[in-house]
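Keep the coordinates open as you read.

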Amino acid sequence: LNSILKKVCGEAKEKRNLLDKVETLEQNLESSRHMLHRELMERAFEQGEDHETDVTVAAETNDQETGSFRAAGIKVDRNIDIAGNEEQERLIVGKLLEMVDAFLKDQVNDLVISTKSGMWIIVLINIQKENRNHILTVLEQMFFKMKSYINNFENYEITMGLSRETEEFSRINLILEMAKEAVECRILKGCGICIESYSEDSNRTVKGQDIVKEYESALKNSIQIFNISGLEDIVRECFLKAEQERVMACEYYEMGRCLAVAYARLAGELSRETAEGELNIWKETIGHCRSIYMLKRYLRESLKNHLKNLERKQSELERKPILDTIEYMKQNYGQKILLEDIAERFGFHPNYFSEIFKKETGKNFTAFLLEVRIEASKELLRDSNKTIYEIASSVGYKDAKFFSQQFAKVVGIKPKEYRKLYY
């Protein structure tokens, strides 16, 4: 009997050990599945549309239901008329991240959070199908709490965009884009609200960059001749075109960024100076514009002010060679002075140098040089006993007769008559 009892107890113990091993194995498998699932969600965040390999792995390693996926985009906008406070904005985003974690951590299967520059937070959640309505309520409560927090800051507003749900892992990138597009609909619908998905009424075929390309040639011309009103017209026409084509809300932001990039590149070609610093500020501020009017006004004023500043700098660069040329004429009027030589000396094409010389002095190069020489000859006629021939030679004329003709042309009387006025 003892032998039989001992055998039964041994079998029971082996069975219990086996069950424990199976349970441990199942737990490890579930933990591994969860870790893999979360890792794949994170990779979808990082790799954008390039996640086909991850989808294959998921299909091979997990034949259980994955539930539903939903994405949320959270965007805080700063008043574009004030300078950003980097430390304060970092604290704001940090507080919002804490709220996301507190509201969603215990309500979802998986949670992946990402931040982007410009005070963006992107959230990807995986939930059980039966909890979808409850999660919507949680998201609404979370946004209300966030909005109440942001209201403590005078110059900031918050918007949240929600994607549709999907049960397909391969569509994660799509719903991430949906959430971003939903947030960018604030440019049409306003801030301080939760926007679900995006408008189906928009034209998805016309892109912001395509609109900018249509006006790039006109933009280049306006920059080259510092046509401020022409630049303003281009900004206005780009937005008019976008409205006529009923482009998606996100394309307004893309159009603004492309316009800023095109302007910076073309202005850089003209001035030979990079506008990278200004461009980074423009792009960042464009992301904070909360309406079409605000975006259009910001682009118009920013590009206009930059072009005015560029014109002023260009004028200063052009003015110095002109002043140096005038000084050179006054010091060397007795020598042979040619426009081509002076232009080459300062690195300008003769035609362009002639144009900026007249713009600065009001006279063409030859007429101005003539006046300099005649003024010098008048001084010699008054204060020296040199002959007309000697004076002509002193101011750059080998032919005394031609000198007399030029003198009479400017002064109205011949050199001899002018000298008699003083003797």
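Contact here means heavy atoms within 4.5 Å. This is a predicted model, where local features need pLDDT of at least 70, side-chain atom pairs count only at pLDDT 80 or more, and totals for chains, interfaces and linings use all residues. Residues are numbered from 1 along each chain as its sequence is written, and side-chain values use heavy atoms, with hydrogens and water left out.

Q: Leaving aside neighbours within four places in sequence, which residues is Lys145 in contact with?
A: Lys145 is found in helix α4 (residues 132-150). Helices (H or I, at least four residues) and strands (E, at least two) are DSSP runs, numbered from the N terminus. Beyond its neighbours within four places in sequence, Lys145 is in contact with Met99 and Phe103.

Q: What separation do the C-alpha atoms of Lys145 and Phe103 have?
A: The two residues are 42 residues apart along the chain. Their C-alpha atoms are separated by 9.9 Å.

Q: Is Thr285 buried or exposed?
A: Buried means under 20% relative accessible area, exposed over 50%, and partly exposed in between (1.4 Å probe, protein chains only). Thr285 lies in helix α11 (residues 276-286). Its relative accessibility is 6%, so Thr285 counts as buried.

Q: Which residues does Thr285 touch, not counting those up to four places away in sequence?
A: Set aside residues up to four places away in sequence. The contacts of Thr285 are then Arg78, Ile80 and Tyr298.

Q: How many aromatic pairs does the structure hold?
A: Rings of Phe, Tyr and Trp (its six-membered ring) pair if their centres lie within 6.5 Å. Planes under 30 degrees apart count as stacked, over 60 as edge-to-face and the rest as tilted. The number of aromatic pairs in the structure is 15.

Q: What kind of aromatic pair do Phe239 and Tyr252 form?
A: The centres are 6.3 Å apart. The angle between the planes is 25°. That pair is stacked.

Q: How many residues apart in sequence are the parts that the Phe239 and Tyr252 pair ties together?
A: Phe239 lies in helix α9 (residues 228-245). Tyr252 lies in helix α10 (residues 249-271). Both residues are buried. The pair ties together parts that are apart in sequence by 13 residues.

Q: Why does the pair of Tyr397 and Phe402 count as tilted?
A: The ring centres are 5.9 Å apart. The pair is tilted because the planes stand at 55°.

Q: What sits over the ring of Tyr397?
A: A charge sits over a ring if NZ of Lys or CZ of Arg is within 6 Å of the ring centre and within 35 degrees of the ring normal. Tyr397 counts as buried, at 10% relative accessibility. At 5.6 Å from the centre of its ring sits the charged end of Arg373.

Q: Which strand pairs with β1 (residues 68-78) over seven bridges?
A: Two strands pair if DSSP finds at least two bridges between them. The pairing is in the antiparallel sense. Val76 stands opposite Ile158 in β4. The partner of β1 is strand β4.

Q: How many of the seven residues of β4 (residues 156-162) are buried?
A: Strand β4 is mostly covered. The buried count is six.

Q: What is the bridge partner of Met160 in β5?
A: Three bridges join β4 to strand β5 (residues 194-196), and the two run parallel. The partner of Met160 in β5 is Cys194.

Q: Which element gives the most residues to the lining of the largest pocket?
A: On a 1 Å grid over the protein atoms alone, a pocket is an open set of points where a 1.4 Å probe fits, with protein on both sides within 12 Å along at least five of seven lines; lining residues have an atom within 4 Å of a point. The largest pocket is lined by 19 residues. Elements that give two or more residues are α10, α12 (292-332) and α14 (350-361). With six residues, the top contributor is α12.
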